[in-house]
Amino acid sequence: MSAHLILQDIAIRYANKTIVEDISFALKEGEIGCLLGPSGCGKTTLLRTIAGFERPTHGKITLRGNEVASPSLLVPPEKRRVGMVFQDYALFPHLTIEQNIAFGLSKQSKPEQLQRVDALLTLIGLSHTKKRYPHQLSGGQQQRIALARALAPKPDILLLDEPFSNLDVELREHLVHDVRQLIKSEKVTAILVTHDQQEAFATSDKIALLNDGKLIQWGSADELYDQPNSVFSAEFIGQGTLIKGAIKKGNDGTNNLQTEIGNLTIPEHIAHNDAVKLLIRPDRIALSNNESDISVTLVSKSFRGGHYLCSLETNNKQLLTVRLPAQNTPAPGAQLFITVSLSNTTPIIY
Amino acid sequence: MALPSSNITPSASLQAPSLLFRLRSKFTSSNLFILFLFSTIALLALPVLTVFSFIFEPASDVWNHLVNTVLSDYLTNSLLLLLGVAAGTLSMGITTAWLTSMYDFPGRRAIEWALLLPLAMPAYIIAYTYTGLLDFAGPVQTYLRELFGWQYGDYWFPEIRSLFGAICMLSLVLYPYIYLLARASFLEQSVVTMEAARTLGAGPWKRFFHVALPMARPAIVAGTSLALMETLADYGTVQYFGVSTFTTGIFRTWFGLGDQGAAAQLAAMLLGFVLMLILLERYSRKQAQYHQQSSRYSIHKRETIIGIKRLIASFLCFMPIVLGFSIPFILLAQWALGETIDSAFLLLAWNSLTLAFTASLLALTLAIILGYGQRLFPTKTVKAGVRVATLGYAVPGTVIAVGIIIPLAWIDNTIDAWAIETFDVGTGLIFSGSLFILLFAYLVRFLAVALGSVESGLQTIKPSMDDSARSLGFTPIQVLRKVHLPIIRPSLFTALLLVFVDVLKELPATLILRPFNFNTLAVRAYELASDEQLASAAPAAITIVLTGLIPVILLNRSINKSTLDNHQ
């Protein structure tokens, strides 16, 4: 089966400013994708291009097998069958909740419209708000109505622009989960824009990590976490420390990466003179009682509820981050011994 | 000799405060100020209240005569005029507002501000200019006759001096009210809301009728009620075109039939219409707050249109400017160039300018007192009082004139009778026969304009600034002089200017209340035009129009500034 949404080599430029460049990825039907990146990386522009509000200056976008955008073609948003949830929800202030959700259903008969509206309102648990106006609803409720309105016409693709950013933290965690379930139950393909990796991990099947207008990495959440392909990926996602290493040719012809916390056999495609770093996640480090292991000093610790996030320093002044259980954590200044598991660690060329 | 009160030592006053001391403590400066505030408010509300009181007056013979003969004409004509002007201003105002805020086409920027130009054109001036252009002896019909060899009666040509003509004239100069408010509303509407409509499959027509227009409805209703208030207030146009409405009826009843009571009753009816419009306007403004949601990224992108659509858009936006300003202005300029400026004209201009300047200074002073009074005593009573005092902005000049002349004439006559009885010498008409009455009428009508500017200026000063100045030992009056007035100087200037221009343009109240043989530019232009001396009226008329351009420029500048602020 071919992909549902395909972006091929998309670039968007305004005047002389390049917003995004060389963006290619594909989503299967029913998958939830995520555009993740710091502010200003071009993720919202990319989403608006998929929606049809912007025209790509290069490349093409295919939706359900039909080309919808290229430098010479721009299917307008109203003809594209996209559903969009906006950052500030953009509910129509002069229409009731019911009328808002039914707005995109004008081609259907009145009973059909009502049925669809009722079904969606039940699904999001807001049936009682049917006759109210948007300004009478809380932020979280407005967000769910916006989602229902976008889903109502059964769009080919659902686009969500930072849908959780206007909500407070507690509500957010709750809703992120609900939203994923709702999208999955409607079996709609979706793309979400966010700068928050937790949101991305909790909602998405595939993540496009963007920086400075470029697609840095495309993959599932655990791929991004375990096998970052760049210094940016490694630093943007999760915690951890990057350690420099030197490559030595082993006697058997294999490449051997030597670092001060251990050695690692690395793939042959990495050239002898490449500069290489290793990402060490906190969970790769364990305390040991063996004095022949790596000796470190506990520099500082900060309480994270249930565990401490601790900074360790090796004898060569290399800092490492580690999680230690809240009970019996030594005081800063203590001498400790650690082991580091390097299996399945991919070196990053920079 | 020292006054007894100053002899009171602290200990003595503690034991038994004298009566004088207690009285003095009642008359603190703030109590005196409040007293002054409310007397001013009462004075300003007097005309409107006087007219209202005539609702309960028993019907006179003249009134019964009016009811049996012309009242239904007044009613139908006024209602038709309102309906026609509403239709005309709505179609022009909304079309131009929508096109200039959503699309980009050649000349859009210039058109945007030029669409405000007709605001500078008083309706009575545009009315007689078009009469000069379109009536039987005018250049258009003369040209047609020469071209086709027609004679009188050979052809049909629309009669400009008719109800329909009045509707056209008023619509041409009043549509900017709707244009301004609708445009602001279209621009403030979150761009995202329109985008949301697009993603839900709504094409341009559905977006306009189902999203943009309903969302702008409160603003459009507010603009329409302003335009209709002006329509009801108009006297010059309808009188010149021979359309009998309430305003002309009030004139005729007063001066033709000599019945002040019946005239006041007509005025009370007219006031009823105005009050409905005021309520409508206030209600819409309240509604507007639910209909406007600002957006974080509302950088407005206009769609560029091409081909025939572009031509149509440019044409639709150019027409109101050409018809409402360019044609009458060019015609007036042409006529004015043919006239010589004599000493009579200079005297006229001097009269108008000094009168307008005095009125605007008085209005500004009162506006500062009321505006600062509200700030010092922000109680519900004071605020309500100030609203009542500024009700005059919506009341037609004829109604104000009637409401002022009745009580002042009574006072004059009472004083005169008393003086004759006591001194054997009459005082004449001290108030109602002098410029005092005219200035009083202007204050009632235009104080709201000045107060609006002063209030918006004062709002920019944080209350903590008052507090800090007071804590540094300044009295409220010193705070006003040293802190507020210097800060809001631009607003004060605007207030002065706006009242100045409004007074210069004012016609009906001036016509009724001016002292014998005292003329202003507006009155003279109107009189000459009524006598069919259109060209002689041109110098006065064009002076009024040119002065009227000043507030248009100011308005345009403040709009540009606020849109600039929004984008930063």
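Mentor: Start with pairing. Two strands pair if DSSP finds at least two bridges between them. Keep in mind throughout that the model is predicted.

Trainee: Which residue in β4(A) is the bridge partner of A:Gln8?

Mentor: A:Lys60 is the partner of A:Gln8. Strand β1 (residues 5–14) of chain A and strand β4 (residues 58–63) of chain A have five bridges. That meets the cut-off, so the two strands count as paired. Their sense is antiparallel.

Trainee: How do you know that β1(A) also pairs with strand β2 (residues 17–27) of chain A?

Mentor: Count the bridges again. β1(A) and β2(A) share seven, in the antiparallel sense. At least two are required, so this is a pair as well. As an example of facing residues, A:Arg13 stands opposite A:Thr18 in β2(A).

Trainee: What do β1(A) and β2(A) form, and how many residues lie between them?

Mentor: They form a hairpin, with two residues between the strands. A:Ala15 sits in the turn and has a positive phi of about 50°.

Trainee: Next, the sheet β14-β13-β12-β15-β21 of chain A, which is open, has five strands and pairs antiparallel. Why are β14 (262–266) and β21 (348–349) called edge strands?

Mentor: Each of them pairs on one side only.

Trainee: How many bridges join strand β15 (residues 276–280) of chain A to β21(A)?

Mentor: Two, and the strands run antiparallel. The cut-off is at least two, so the pair qualifies. One contributor is A:Val276, whose bridge partner in β21(A) is A:Ile349.

Trainee: What is the order of the open five-stranded sheet that contains β20 of chain A?

Mentor: β16-β20-β17-β18-β19, with antiparallel pairing. β16 (285–288) and β19 (319–325) are the edges, each pairing on one side only. Neighbouring strands are turned by 50° against each other on average, direction ignored. Strand β18 (residues 307–314) of chain A is joined to β19(A) by seven bridges, antiparallel. There A:Leu309 stands opposite A:Arg323.

Trainee: Which residues of α5(B) and α15(B) meet?

Mentor: α5(B) brings B:Met92, B:Thr95, B:Thr96, B:Leu99 and B:Thr100. α15(B) brings B:Ala313, B:Leu316, B:Cys317 and B:Pro320. By class, that is six nonpolar, three polar and no charged residues.

Trainee: At what angle do α10(B) and α11(B) pack?

Mentor: About 135°, with the axes 11 Å apart. That makes α10(B) oblique to α11(B). The crossing is right-handed. B:Thr193, B:Met194 and B:Ala197 of α10(B) touch B:Arg207, B:Val211 and B:Ala212 of α11(B). The classes are four nonpolar, one polar and one charged.

Trainee: How far apart are the axes of helix α16 (residues 343–376) and helix α22 (residues 489–505) of chain B?

Mentor: They are 8 Å apart, at an angle of about 135°. So α16(B) is oblique to α22(B). This crossing is right-handed. The contact includes B:Phe357 and B:Ala363 of α16(B), and B:Leu496 and B:Phe500 of α22(B). Its residues divide into 14 nonpolar, two polar and no charged.

Trainee: How many residues does each chain give to the contact between A and B?

Mentor: 19 come from chain B and 18 from chain A. On the chain B side, α10 (191–199), α11 (204–233) and α14 (260–291) each supply at least two. α10(B) gives the most, with six. The chain B side has eight nonpolar, eight polar and three charged residues.

Trainee: Last, how many helices and strands are there in chain B?

Mentor: 25 helices and two strands. Its radius of gyration is 27 Å, close to the 24 Å that the globule rule gives for 568 residues, so chain B is as compact as a globular protein of that length. Along its principal axes the C-alpha trace spans about 100 × 70 × 50 Å.

How values were computed:
Residues are numbered from 1 along each chain as its sequence is written. Chains are lettered from A and ligands numbered from 1 in the order in which they are written. This is a predicted model: local features need pLDDT of at least 70, side-chain atom pairs count only at pLDDT 80 or more; totals for chains, interfaces and linings use all residues. Two residues are in contact if their C-beta atoms, placed from the backbone, lie within 7 Å. Helices (H or I, at least four residues) and strands (E, at least two) are DSSP runs, numbered from the N terminus. Ala, Val, Leu, Ile, Met, Phe, Trp, Tyr, Cys and Pro count as nonpolar, Asp, Glu, Lys and Arg as charged, and the others, Gly among them, as polar. The radius of gyration is taken over C-alpha atoms; the globule rule is 2.2 Å times the number of residues to the power 0.38. Axes are lines fitted to C-alpha atoms, for helices over the stretch in contact, and angles run from 0 to 180 degrees between N-to-C directions. Angles under 35 degrees count as roughly parallel, over 145 as roughly antiparallel, 65 to 115 as roughly perpendicular and the rest as oblique. A crossing is left-handed if the near helix is turned anticlockwise from the far one by less than a right angle, and right-handed if clockwise.
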